[in-house]
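This briefing covers a single predicted model.

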Amino acid sequence: MSMTREALWLMVGFLGQIAFTGRFVLQWLYSEYKKRSVIPTNFWYLSIVGSTLLLAYAIYREDPVFIAGQAFGSIVYLRNLQLIAKSKKLKE
C-alpha cells in the first residue's frame with residue numbers, strides 16, 4: 001500500500017504535534033513524581049523534535065505564521081540544552 005504525499009505530510013504534522021504535546025505530559029508527570037514543578041532535560045529534546053517536525057509541516061503548508069512560530073522556538077530549546085550542559089560541567 002503506497003502512501004500519498006498528502007498523507008505523508010499529515011503524518012509528519014501529527015507526529016510533530018504528538019511530540020510537542022508529549023513534552024507537556026512528560027513535564028506534568030515528572031513534576032507530580034517530584035512533588036514540585038520541574039522541567040526534565042527530555043522536555044527540551046521533545047520540544048526540538050516536535051518543533052522541527054511541525055516546522056517542516058508548516059513549510060509544506062506554506063503557512064508563514066506557523067513557520068515563524070516554530071522556527072523561533074527551536075532557538076530557545078537549543079539554548080536551554082546548552083545551559084543545562086554548561087551547568088552539568090560546572091558541577092563536575
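Helices, as the term is used here, are DSSP runs of H or I with at least four residues, and strands are runs of E with at least two. On that basis, residues 12–83 of this predicted model are 89% helix and 0% strand, and the end C-alpha atoms of the span lie 29 Å apart.

**Annotated spans**
- An unreviewed UniProt entry assigns residues 12–83 the annotation "domain: Lipid A biosynthesis N-terminal".
- The annotation "transmembrane region", also from an unreviewed UniProt entry, covers residues 6–30 and 42–60.
- Residues 6–30 are 100% helix and 0% strand, with 36 Å between the end C-alpha atoms.
- Residues 42–60 are likewise 100% helix and 0% strand, and the end C-alpha atoms of this span are 27 Å apart.

**Nonpolar core**
- The largest nonpolar core consists of seven residues: Phe20, Phe43, Trp44, Ile48, Leu54, Tyr77 and Leu81.
- Helix H2 (41–61) and helix H3 (64–91) each contribute at least two residues to this core.
- H2 provides the largest share, with four residues.

- Leaving aside residues up to four places away in sequence, Trp44 touches Ile39, Tyr77, Asn80, Leu81 and Ile84.
- Leu55 belongs to helix H2 and, with residues up to four places away in sequence not counted, touches Ile67, Gln70 and Ala71.
- Leu55 and Gly73 are separated by 18 residues in sequence and by 9.8 Å in space, C-alpha to C-alpha.

Terms used. Residues numbered from 1 in each chain as written. Predicted model: local features only at pLDDT ≥ 70, side-chain atom pairs only at ≥ 80, totals over all residues. Heavy atoms only, no water. Core = buried A, V, L, I, M, F, W, Y, C linked by side-chain atoms within 4.5 Å. Buried < 20%, exposed > 50% of the residue type's maximum accessible area, 1.4 Å probe, protein only. Contact = heavy atoms within 4.5 Å. UniProt positions renumbered as here; feature names shortened; annotations may be inferred.
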